[in-house]
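Here is a short briefing on a structure. Read it with the model open.

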Amino acid sequence: MRQYFDAKRQYRHALVFFRMGDFYEMFYEDALVAARALDLTLTSRSKDASGAPVPMCGVPYHAGDTYIARLVRKGYRVAICEQVEDPKKAKGVVKREVVRVVSPGTLADTGYLDAREPSFLLAIYATSGADPRATAYGVALLDLSTGEFDVAEYAGPDGLQALRDEIAVLRPREVIVASGSDIGASVPEIAQLGLTVTDVEGWHFDIETARQTLLDQLRVASLDGFGLERRQVAVAAAGALVRHLRDTQKAELAHVRSVRLKESTDALVIDPTTLKHLEVVESTDGGRQGSLLHEIDRTITPMGGRMLRAWLLRPLVVLERIRDRLDAVEECAIRATERAKVRETLKGVQDLERLMSRIALATAGPRDLVALCASIAVVPRVSLLLDGFEAPLVRSLRGELDELADVRGWIETTVTAEPPALARDGGFVRDGVDTELDGMRHISRSGKQLIAEMEEQERARTGIASLKVRFNRVFGYYIEVSKSNLHAVPPDYHRKQTVAGGERFVTPALKEYEEKVLGADERILERELAIFEDL
Amino acid sequence: MSPRGAAPRVLDTARALAALDVLAGLAETASVSNYAKPHVSDDDTLAATDVRHPVVERLAGGSFVANDVQLDSRDHQLVIITGPNMGGKSTYLRQVALLCLMAQAGSFVPAREAKIGIVDRLFARVGASDNIARGQSTFMVEMQETAQILNGATSRSLVVLDEIGRGTATFDGLSLAWAVAEYLAKDGPARPKTLFATHYHELTDLADAQPNVNNAHVAAREWKDDIVFLHKILPGRSDRSYGIQVARLAGLPGPVITRARTILHALEQDELSRGGRPAISGQRPAPTAQLGLFQAESPVEERLRERLREVDINRTTPLDALQLPVVSWKAEAED
């Protein structure tokens with residue numbers, strides 16, 4: 001239990017999912033909360049030091065994601081505490097560590113997100129000063145499920161109103177503030193919309209610390225390239241946000257390598273009431289049906305759907321950019337044949353942004369890699385179809401298309417064509433990728449071959465034509481002989497089990513092969529998982 | 001290269017594909033729904049013909065009546081729209097606001113032709129707000145929202161307002177609507193392009209005094225005491241609101257309609273006796289003459305009121321009621 005208390009102390013605001021064998025267990029207050037929220041049976045575990053029973057409840061680990069998503073959607077945070085060493089090799093208690101914290105703003109699992117809406121996490125930093133009207137606000141906004149990362153600065157009473165409107169329009173899932181800050185008082189929308197608020201230590205917002213975090217994350221030596229060198233409050237919010245994500249996701253966020261500064265003069269300002277009255281993205285009853293978005297959305301891909309939604313929430317004010325879009329739409333409207341072909345081709349593209357984000361966050365499975373590969377495989381065809389287009393925006397977008405042949409090559413040569421959904425099921429790394437893996441597979445395969453051959457040999461030796469060599473999880477490999485043939489069993493057969501139709505035996509030779517095969521299989525899976533982690 | 005290492009390149013490509021998907025999708029919508037490419041410019045004019053509401057148009061299935069719009073910073077800076085409720089004012093306001101929003105988002109627009117001067121802010125207050133659930137009164141919310149507009153709009157903004165002042169007493173509402181319209185048209189720091197729908201006909205007088213204010217009305221045709229909404233927005237003021245005909249359509253009982261007609265007639269007479277329109281345009285300073293409706297009571301009326309007050313309905317049986325000295329009251333009143 002000491003490990004449990006360590007984890008709980010570190011992640012006080014989260015429910016700790018404590019991995020024990022095939023279950024995630026929760027204890028004490030966490031157990032009471034989770035049992036109520038998930039409708040689980042509350043049990044109790046022996047006694048604590050003072051002799052009182054410890055409340056406890058658990059969920060099977062293979063169904064963990066479902067339960068975690070349910071809790072997170074109710075606004076809870078869940079800290080997943082895994083066994084980080086092999087229980088068989090551990091001396092004493094297996095070592096455990098929190099490997100990820102999932103909260104409303106960090107739930108990046110596609111199965112639980114609306115594909116047509118973003119899932120934003122927002123950090124706010126406010127300068128402190130005697131005059132509240134002079135307060136400046138730095139805001140950072142990140143969609144962990146797509147890697148989209150924006151910052152903005154607001155100042156004065158007008159700025160505060162703009163910030164409040166922005167929050168009401170974007171509806172982030174979670175808001176990060178410095179502990180002890182009273183931003184909630186200036187931004188009542190946070191409470192009105194029921195947003196989850198997460199406190200982090202104030203020094204995370206310290207400008208120098210934040211700048212360093214950001215430089216490190218964006219892998220640059222200066223923030224000039226992003227126009228942020230003098231945007232101190234924005235940098236403070238952005239740095240704190242990145243730091244919080246790295247701390248809770250335990251991943252380097254390889255999909256977050258750029259940030260965009262949003263200027264209030266970039267876009268048509270539409271306040272939340274106007275959006276509601278015009279039913280731009282949702283109708284008065286809160287559904288999509290009946291909204292402008294629903295009426296004009298004929299996008300094919302989920303990314304396209306999210307982008308159109310963003311365009312409608314933030315129309316443009318710069319003439320050239322509006323004209324560029326309209327000219328592009330016009331050319332697509334005129335070139336009906338090419339448009340139909342492009343749209344048909346886009347049907348082969350899955351949610352690339354969210355696939356890539358899962359891969360970056362190490363929550364992807366092998367099948368996600370194959371989906372990524374299939375999705376980027378359409379790029380050359382799209383490029384070709386757009387070859388004759390003249391609208392400047394279409395041309396520049398076409399120029400941004402990267403055929404990603406190297407990535408496709410990597411996946412095609414590394415991963416099998418039809419891999420399992422979960423990495424822990426193994427068997428997805430192709431032969432020839434890794435010599436060590438190939439060696440172990442050779443041992444495993446030849447062992448299995450030997451065992452298969454053994455069936456023939458034993459039939460010949462004993463004269464029992466119906467003799468079978470089989471495998472199950474409890475006994476491993478065994479030889480099964482039917483009742484009527486038991487008299488012919490040789491003396492080196494050791495009986496293991498009696499079943500309805502006969503008896504099961506092992507021989508020393510069989511056990512020897514078995515050890516080779518099973519040992520190799522275990523190491524094969526370890527090796528495959530290691531390759532997958534490094535991708 | 002491994003996928004994780006290539007994440008930024010994959011994401012850039014994903015976003016380019018997404019943008020192409022959006023552009024091709026908007027083109028598809030433009031073709032299917034017969035939208036036109038708007039002419040966008042940096043000037044201050046919003047002028048379009050045969051504008052439709054993208055959602056209502058489809059629900060109406062071919063019977064939608066398209067309308068024109070003209071707004072600029074000169075003689076069409078603020079347009080006051082009057083006419084019957086149910087006549088399509090709200091839909092009209094929404095479709096004009098959506099016209100700008102769609103064009104500036106990069107979409108074609110549901111109109112035959114549209115010239116759109118880029119706007120910097122868009123304010124629409126059309127239809128009830130749902131803030132009532134938060135325990136604020138409708139009127140309070142309405143006024144807060146109006147305040148946001150008056151404080152936030154610039155001369156490059158577009159404002160569409162529906163029935164400002166509807167949430168309070170008639171004279172309060174009229175006064176507020178009048179003052180808000182005046183602020184947007186002449187007194188305020190900014191003069192945003194504004195569509196101002198109201199059921200206060202008095203507001204149409206504003207156009208007489210302000211050259212940048214224009215009137216428009218929703219056309220309706222009376223036919224044998226019934227009303228037919230034409231859903232057409234036409235220049236000029238409407239002479240009446242057809243409220244009673246609308247109430248009849250809505251199924252109010254016959255006696256209520258008849259009674260309402262009588263009251264309306266009386267009120268109209270009274271208004272004429274006060275010298276007719278424009279009653280409160282500020283051009284005819286005769287405020288004391290306008291109090292006819294609520295003049296102080298005569299002593300007789302006061303006495304009768306007192307008599308009635310003395311009757312305790314809760315302790316009056318039907319038989320008692322018949323025996324009330326109604327006859328003597330009548331005599332007293334006719335004295």
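What share of the contacts in chain A with a separation of 6 or more comes from residues 24 or more positions apart? The share is 61%, where contact means that two C-beta atoms, placed from the backbone, lie within 7 Å.

This is a predicted model, in which local features need pLDDT of at least 70 and side-chain atom pairs count only at pLDDT 80 or more, while totals for chains, interfaces and linings use all residues. Residues are numbered from 1 along each chain as its sequence is written, with chains lettered from A and ligands numbered from 1 in the order in which they are written.

**Chain A overall**
- Chain A has 20 helices and 17 strands, taken as DSSP runs numbered from the N terminus (helices H or I, at least four residues; strands E, at least two).
- Its C-alpha trace spans about 95 × 75 × 50 Å along the principal axes.
- Of its 535 residues, 40% count as buried (20 or more other C-beta atoms within 10 Å of the residue's own, these atoms being placed from the backbone).

**Strand S2 of chain A**
- S2(A) covers residues 23-27; four of the five are buried, so the strand is largely enclosed by the rest of the structure.
- S1(A), residues 15-20, runs antiparallel to S2(A), with three bridges.
- A:Met20 stands opposite A:Phe23.
- Two residues separate the strands of this hairpin, and A:Gly21 has a positive phi near 60°.
- S4(A), residues 54-60, is also antiparallel to S2(A), with five bridges.
- A:Glu25 has A:Gly58 as its bridge partner in S4(A).

**B:Ala6**
- B:Ala6 lies in the segment before helix H1 (7-33) of chain B.
- B:Ala6 counts as buried because it has 21 C-beta neighbours inside 10 Å.
- Beyond neighbours within four places in sequence, B:Ala6 contacts A:Leu404, A:Val407 and B:Met1.

Note on methods. Buried ≥ 20, exposed ≤ 12 C-beta atoms within 10 Å, placed from the backbone. Pairing = 2+ DSSP bridges.
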